Amino acid sequence: MTAAPRTYAIRTLGCQMNLHDSEHMAGVLEAAGYTAAPGGAIHAQGIPQADVVVFNTCAVRESAAERLFGNLGQLRAVKLAHPGMQIAVGGCLAQKDRTTIIERAPWVDVVFGTHNLGALPVLLERARHNQQGQAEFAEALTVFPSSLPAHRASSLSAWVSISVGCNNTCTFCIVPSLRGRERDRPPADVLTEVSAVVADGAVEITLLGQNVNSYGAEFGDRSAFARLLRSAGTIPGLERLRFTSPHPAAFSDDVIAAMAETPAVMPQLHMPAQAGSDRVLRAMRRSYRVERFLAVLERVRQAMPEAAISSDLIVGFPGETEADFEATLDLVRAARFASAFTFQFSPRPGTPAAAMPDQVPPELVAERFGRLVALQDQIAWEENSKLIGQEVEVLVADGQGRKDQARWRVSGRARDGRLVHLGGCRLAPSETQVDMLGMRHSSAGSRQAGVAGPFAAESDPPSRLPDQPNLLSAAEPGSLHQVMPGDLVRAVVTAAAPHHLMADSAVTGGLFEVTFYASRRPDVGRRRPRVN
């Protein structure tokens, strides 16, 4: 009898680049004969259960290391109770701490670095054979991760890496020492991957890099990123194109023009500011000043008035005075960010900032952090409230709203990246399928009148051919619509909060139009897109 394939699961800690690397770790494991555990291949929370559990780690903050070793401690007893189980640790923290991980947690079987993703199956087999922990690290990239197989977390929305590494030397950041100097993929390779992912069912692509708008510097073309946006935006079937993250110092007018003039590029920009004090920016070794940063935002908003701009902000950088912090608050007031990732400074060994004098006391950092978050939340609420009464187009996704099922709603992202909850809806049952003609079996997308709750009886909708109208509109209150991941919904914003919008117009009998995924992508046919 043939033994069942060994199962794997990956727990991802960190940024979008880590999440994308996890997709390639999953891909190389499946190419080696492993199969995803019943609970799913890639996890952003919790401790997964599988024959092989892989942690893809982050080294940006000290808390990430604490979380890793806490998770490893919990898995020790699980491994003792399951002979043959293996644990692997990869990612930035593994590249940084190396064999220290096995020394602190000797029950770990494999530790591998950021440049060794493809070696994971071999290291696991070697550890099994030798009954000894294995560690392997490369000092430089030899194989571009995007050339490796991938198991994408979702085939509706996908990441495509255009570069790895970073040439900047920010004093607080450890990433360049762990991922190396920037390496750019040839544009033809990027466009080929985008085309392949879209052909497989994706309608949304995010281009990834530590500094995407310096793309092309390696091969001497400073305008390469703007041209890449325009070229990718013409690929048939690609509806939404995003990118992250740019750097304010290198953000050029040709990129702004490409964003504004390419319909597929979404009106969204994540522009890390880090601080609002020029003195702190110099200490951070950020090669721009506040005036330039705000000028970039102004030019973006002139070209795309509807753009939602987000940012990264650090509180408590060494030497930060109350005046410096007030300057950051002033920047937030001037920039009017739609959202912001706010961080308390975390000294990372090996970075210049960790050894700087005048470290800010933790209690003062926490107090300032609370003031910054309160201000940003107030501004985000005010900006979101301006959208009440406006139409919004939402790409439905699974897992975007934690309370969706309990509140009879589905969630997704608007064109500008804002999270939107759609009331009066639910995701169609998993057995609902899309056939090659674009017809929906079961009751997906139909309007049910008089439905009182999520368990109310439903009726089958009429069949719909691709050449029939795509739109289903609510006609009266009380409807409970069924939609699927990948469907586009047009509704009206009815309420706002700092971190999301509510569009409950279906409940009130207002605008609610669904453009089915299957009608937009009949080429996908029976290959219903997978969502992890």
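This is a predicted model: local features need pLDDT of at least 70, side-chain atom pairs count only at pLDDT 80 or more; totals for chains, interfaces and linings use all residues.
H12 covers residues 322-335, and H13 covers residues 362-385. The two helices pack at an angle of about 10°, with their axes 10 Å apart. Angles under 35 degrees count as roughly parallel, and that makes H12 roughly parallel to H13. The crossing of this pair is right-handed.

Which residues make the contact? From H12 come Glu 322, Phe 325, Glu 326, Thr 328, Leu 329, Val 332 and Arg 333. They meet Arg 368, Arg 371, Leu 372, Leu 375, Gln 376 and Ile 379 in H13. By class, the residues of this contact divide into six nonpolar, two polar and five charged.

I turn now to what follows H12. Arg 336 is found in the loop between H12 and strand S15, the latter at 339-344. The phi of Arg 336 is near 55°, a positive value in a residue other than glycine. In general, most residues other than glycine have a negative phi, and most peptide bonds are trans. Is Arg 336 buried or partly exposed? Its relative accessibility is 26%, so Arg 336 counts as partly exposed.

A second residue of this kind is Trp 408. Its phi is likewise positive, near 55°, in a residue other than glycine. Trp 408 lies in the loop between strand S16, at 391-397, and strand S17, at 409-414. With 38% relative accessibility, Trp 408 counts as partly exposed.

The backbone also contains a cis peptide bond, which joins Thr 244 to Ser 245 and has omega near -5°. Ser 245 is placed in the loop between strand S12, at 240-244, and helix H9.

That brings me to H9 and its neighbour, H8. H9 spans residues 253-261, and H8 spans residues 224-232. These two helices pack at an angle of about 10°, and their axes are 8 Å apart. H8 and H9 are therefore roughly parallel to each other. In the contact of H8 with H9, seven residues are nonpolar, none is polar and three are charged. The H8 side consists of Phe 225, Ala 226, Leu 229 and Arg 230. These meet Asp 254, Val 255, Ala 257, Ala 258, Met 259 and Glu 261 in H9.

H8 has a further partner in H7, which comprises residues 187-199. The axes of H7 and H8 come within 11 Å and cross at roughly 30°. That makes H7 roughly parallel to H8. The crossing is right-handed. Here Pro 187, Val 190 and Leu 191 in H7 meet Leu 228, Ser 231 and Ala 232 in H8. How do these residues divide by class? Five are nonpolar, one is polar and none is charged.

Next, helix H1, at residues 16-31. At 1.5 Å a residue, its 16 residues should span 22 Å, and the end C-alpha atoms are 23 Å apart, which agrees. How many of the residues of H1 are buried? The number is 12 of the 16, so H1 is largely enclosed by the rest of the structure. The buried residues are Met 17, Asn 18, His 20, Asp 21, Ser 22, Glu 23, His 24, Met 25, Ala 26, Gly 27, Val 28 and Leu 29. After H1 comes Gly 33, whose phi is positive, near 105°.

Another glycine, Gly 39, lies in the loop between strand S2, at 35-36, and strand S3, at 42-43. Gly 39 has a relative accessible area of 63% and is exposed. In sequence, Gly 39 and Gln 49 are 10 residues apart, while in space they are 7.5 Å apart, C-alpha to C-alpha.

I close with the protein as a whole. It has 14 helices and 24 strands. Of its 532 residues, 54% are buried. What share of the contacts between residues at least 6 apart in sequence join residues at least 24 apart? That share is 75%.

Terms used. Residues are numbered from 1 along each chain as its sequence is written. Side-chain values use heavy atoms; hydrogens and water are left out. Helices (H or I, at least four residues) and strands (E, at least two) are DSSP runs, numbered from the N terminus. The expected span of a helix is 1.5 Å times one less than its number of residues. Buried means under 20% relative accessible area, exposed over 50%, partly exposed in between (1.4 Å probe, protein chains only). Axes are lines fitted to C-alpha atoms, for helices over the stretch in contact, and angles run from 0 to 180 degrees between N-to-C directions. Angles under 35 degrees count as roughly parallel, over 145 as roughly antiparallel, 65 to 115 as roughly perpendicular and the rest as oblique. A crossing is left-handed if the near helix is turned anticlockwise from the far one by less than a right angle, and right-handed if clockwise. Contact means heavy atoms within 4.5 Å. Ala, Val, Leu, Ile, Met, Phe, Trp, Tyr, Cys and Pro count as nonpolar, Asp, Glu, Lys and Arg as charged, and the others, Gly among them, as polar.
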